[in-house]
Amino acid sequence: MNEKNWWWLSVAVSGVLLVVLVGLWKHMNEYRVEPPQIVNEKAVDEYLEKRWENPDVPIARAEPTITIKTGIFIQSLQFFNSIEVNLSGYIWQRYKDGVHDIIKPDSSEIGFILPEQVNSGSDIEPREAYRYRQGDEEVIGWYFEATLRQPFEYSYYPFDHKTVWIRLWPKDFARNIVLVPDFAAYESTGVDDIFGIEKNIVLGTWERQNTYFDYKPSSYDTNFGIADYIGQDNFPEFHYNFVVKRKFENAFVVHLLPLFLVAALLFSALLTVSGNSDLASRHGFSTSGVIGACSALFFVVLLAHIHLREQFAGTSIVYMEYFYFLMYGLLVAASANTYLFSIRAASWLKIVHYRDNLIPKVSFWPVVLAGMIVITWCTL
């Protein structure tokens with residue numbers, strides 16, 4: 001097969017591999033919310049009846065379950081680092097006359113607890129924003145600002161999704177009080193609806209994906225010093241969840257595009273490798289020149305890798321980091337290939353000496369794309 005056909009084969013294989021890689025990226029960028037979502041009052045009643053109020057469940061209760069309708073509206077969201085997120089907005093509760101008289105908070109009290117809140121030094125304590133009567137109910141709303149610490153997963157970066165959850169306890173969490181969503185306060189709370197969040201919220205490199213309510217059963221190895229603590233075993237804790245998806249374009253420009261440029265420069269350096277004195281002179285080829293170029297590109301990749309790792313300090317290796325490892329391998333392989341070719345060593349390595357180093361040249365992009373596909377497939 002002549003040299004021209006080798007290059008056409010390389011282009012064809014690279015095109016196919018690129019299509020496969022884009023398809024895998026599209027699959028990685030999809031997200032499915034894990035059930036169950038609580039979408040209406042019927043779903044709440046069924047959940048509590050089955051998981052909490054079922055008489056077959058051996059849980060000692062000193063009093064019947066009291067439910068408090070609770071709603072939330074998020075106005076701002078910002079990721080401080082890889083494990084902390086800052087939120088602000090409003091939380092309100094409905095207290096019905098004759099049912100919640102004893103547990104209704106006064107103007108100096110807050111009707112909820114954010115158990116995952118950490119002190120950031122700049123957060124504002126929740127404060128009462130409004131209180132008004134609506135029939136036989138009194139609605140109390142608080143403005144809150146909180147920094148929550150959560151174990152976010154970054155292994156798919158930059159195709160990762162984050163589910164920011166706000167876990168709420170009632171003020172009197174020692175009693176048999178269960179918070180339930182105030183569905184009537186929202187236009188729609190279906191499976192695919194986005195609610196409880198500012199439409200024009202500024203998320204930077206993120207975009208809104210989904211919101212939903214759910215319950216997560218919690219168990220603790222302590223009763224907090226409270227005799228017959230009701231929430232120690234499988235208590236249904238109320239969660240409001242907000243799903244965000246990272247904008248791939250930003251990460252592509254910042255991290256992936258430089259890697260492609262480095263690969264293109266490395267490919268250009270590899271094309272200058274030739275045993276033909278006329279071509280070598282015309283291209284300015286020298287072994288030290290190619291190895292020097294690989295050394296310079298190595299430091300470019302290393303600095304970019306360090307910048308990426310600083311964003312995820314304390315986390316495991318993320319998906320995009322493996323591309324840096326692939327580039328390190330390509331730089332070493334290109335340097336070794338150039339050295340072996342220039343000194344005519346290991347004549348049995350036909351892959352190096354065949355037709356003036358043709359095979360490493362035409363296989364460069366197929367190897368790069370195949371390596372990216374293998375990394376993506378293993379990550380999935």
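I count a residue as buried when its relative accessible area is under 20%. With that cut-off I looked up D214, which has a relative accessible area of 7% and is therefore buried. The model I am working from is predicted.

**Entry: the D214 pair**
I found a salt bridge between D214 and K216, at 2.9 Å from N to O. K216 has a relative accessible area of 33%, so I noted K216 as partly exposed.

**Entry: salt bridges**
I listed the salt bridges and got 15 for the structure. I then went through some of them one by one.

I took E137 next, which forms a salt bridge with R94; their closest N and O atoms are 3.4 Å apart. E137 sits in strand 6 and R94 in strand 2 (residues 84–96), so I recorded a link between distant parts of the chain, 43 residues apart. Both E137 and R94 are buried. I also noted that R94 and E137 belong to a network of salt bridges together with D182.

I then looked at E116 and R167, whose side chains meet in a salt bridge at 3.5 Å, N to O. E116 is in the loop between strand 3 and strand 4 (117–118), while R167 is in strand 7, so this pair ties together parts 51 residues apart in sequence. I found E116 buried, and R167 buried too.

**Entry: strand 7**

**Entry: E145**
I went back to strand 6 (residues 137–149) for E145, which has its place there. Its relative accessibility is 15%, so E145 counts as buried. I read 9.9 Å between the C-alpha atoms of E145 and L77, which are 68 residues apart along the chain.

**Entry: surface patch**
Last, I looked at the surface. I found a nonpolar patch formed by V253, V254, L257 and L261, with about 320 Å² of accessible area together. I placed L261 in helix 3, which spans residues 248–271.

Note on methods. Residues numbered from 1 in each chain as written. Predicted model: local features only at pLDDT ≥ 70, side-chain atom pairs only at ≥ 80, totals over all residues. Heavy atoms only, no water. Patch = residues over 30% accessible without salt bridge, like charges linked within 9 Å, V, L, I, M, F, W, Y side chains within 5 Å. Areas by Shrake-Rupley, 256 points an atom, 1.4 Å probe, with all protein chains shown as cover. Salt bridge = Lys/Arg side-chain N within 4 Å of Asp/Glu carboxyl O. Helix = DSSP H or I, 4+ residues; strand = E, 2+ residues; numbered from the N terminus. Buried < 20%, exposed > 50% of the residue type's maximum accessible area, 1.4 Å probe, protein only.
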